[in-house]
Amino acid sequence: MTTAYTDVRNPVIADQGVYAPQEDSRLLIEVMDDVGLARGRHVVDLCTGSGVVAIGAAEQGAASVTALDICARAVRCARANAVAVGVDIDVHLGSWARAAEFGPFDLIVCNPPYVPHDPTGACDPLPAHVGPPRAWDAGCDGRLVLDPLCAAASEILDHGGSLLLVQSEFAGPRQTLGALASVGLDAEIVARQWIPFGPVLTSRAEWLEEMGRLEPGRREEELLVIRADKP
């Protein structure tokens, strides 16, 4: 098992086969805290993984927290972590699309798969301990989950609700802003952070260079948090 220390009160454990909290989860938790959107609100964490962002929302005073993941192992892991930390989170098995069954919500938080990958499978393979590829692989443009999620966000949100979404520069943040605006949400980038490539993007670096999406030799990426508000 891998232990990842984040901004929640206690370490969160990710079993092998579950996405371990990284800088993107940490950034999303920090922004959620800075803007104060979780306190007293009904929150849903989509693609929850280890549950770290959902736990962060609970610790920041959310009235209720619902979490969803397509991986049964992640659901068990998130539930166990919530119990270990001592917060109440309602974790369900299923894709983000199930959120409409439990909503509407005041706040959506999401760290979805957003890493582009070569559909031919030519990128360097990753060791099993890094995690499951479905936790990050998101099609050639990185938008396999982002596009349908943006299209459905307004239906999941209550009036006056907000979305906080973290993604990489390589997954088209301007497309995300446009997609959210197209469903009537007021969207903007509210945080940016540069981080060194981890093992996943390192394995994709040469392919991204060949595709003209990465400057030769650069091995850092910009993470962005996008906020979208429903009038």
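Q: Why are helix 5 and helix 6 called roughly parallel to each other?
A: In this predicted model, helix 5 (residues 146–156) and helix 6 (residues 173–182) pack at an angle of about 30°, with their axes 8 Å apart. Angles under 35 degrees count as roughly parallel, over 145 as roughly antiparallel, 65 to 115 as roughly perpendicular and the rest as oblique. Helix 5 and helix 6 are therefore roughly parallel. Axes here are lines fitted to C-alpha atoms, for helices over the stretch in contact, with angles taken from 0 to 180 degrees between N-to-C directions.

Q: Which residues make the contact of helix 5 and helix 6, and of which class are they?
A: Helix 5 contributes Leu 146, Cys 150 and Ala 153, while helix 6 contributes Thr 176, Ala 179 and Leu 180; contact means heavy atoms within 4.5 Å. By class, 5 of these residues are nonpolar, 1 is polar and none is charged. In this scheme Ala, Val, Leu, Ile, Met, Phe, Trp, Tyr, Cys and Pro count as nonpolar, Asp, Glu, Lys and Arg as charged, and the others, Gly among them, as polar.

Q: On what basis are the features read from the model?
A: Residues are numbered from 1 along each chain as its sequence is written, and side-chain values use heavy atoms, with hydrogens and water left out. Local features need pLDDT of at least 70 and side-chain atom pairs count only at pLDDT 80 or more, whereas totals for chains, interfaces and linings use all residues.

Q: How many helices and strands does the chain have?
A: There are 7 helices and 9 strands.

Q: Why is helix 1 called roughly parallel to helix 2?
A: Helix 1 (residues 23–35) and helix 2 (residues 52–59) pack at an angle of about 20°, with axes 10 Å apart. That angle makes helix 1 roughly parallel to helix 2. Ser 25, Leu 28, Ile 29 and Met 32 of helix 1 meet Val 52, Val 53, Gly 56 and Ala 57 of helix 2. The contact of helix 1 with helix 2 has 6 nonpolar, 2 polar and no charged residues.

Q: What makes strand 5 and strand 8 edge strands of the sheet?
A: The open sheet consists of 7 strands in the order 5-4-3-6-7-9-8, with mixed pairing. Strand 5 (90–93) and strand 8 (186–196) each have a single partner strand, so one side of each is left without a neighbour in the sheet. Two strands pair if DSSP finds at least two bridges between them.

Q: Why is strand 9 described as largely enclosed by the rest of the structure?
A: Buried means under 20% relative accessible area, exposed over 50%, and partly exposed in between (1.4 Å probe, protein chains only). In strand 9 (residues 220–229), 7 of the 10 residues are buried, so the strand is largely enclosed. Across the 231 residues of the chain, 54% count as buried.

Q: Why does Cys 47 count as partly exposed, and where is Cys 47 found?
A: The relative accessibility of Cys 47 is 22%, so Cys 47 counts as partly exposed. Cys 47 is found in the loop between strand 3 and helix 2. Although Cys 47 is not a glycine, it has a positive phi of about 60°. Most residues other than glycine have a negative phi, and most peptide bonds are trans. A cis peptide bond joins Gly 103 and Pro 104, with omega about 5°. Pro 104 is placed in the loop between helix 4 (99–102) and strand 6.

Q: Is Gly 40 buried or exposed, and which residues is Gly 40 in contact with?
A: Gly 40 has a relative accessible area of 53%, so it is exposed. Gly 40 lies in the loop between helix 1 and strand 3. Leaving aside neighbours within four places in sequence, Gly 40 is in contact with Gly 61, Ala 62 and Ala 63.

Technical notes
Helices (H or I, at least four residues) and strands (E, at least two) are DSSP runs, numbered from the N terminus.
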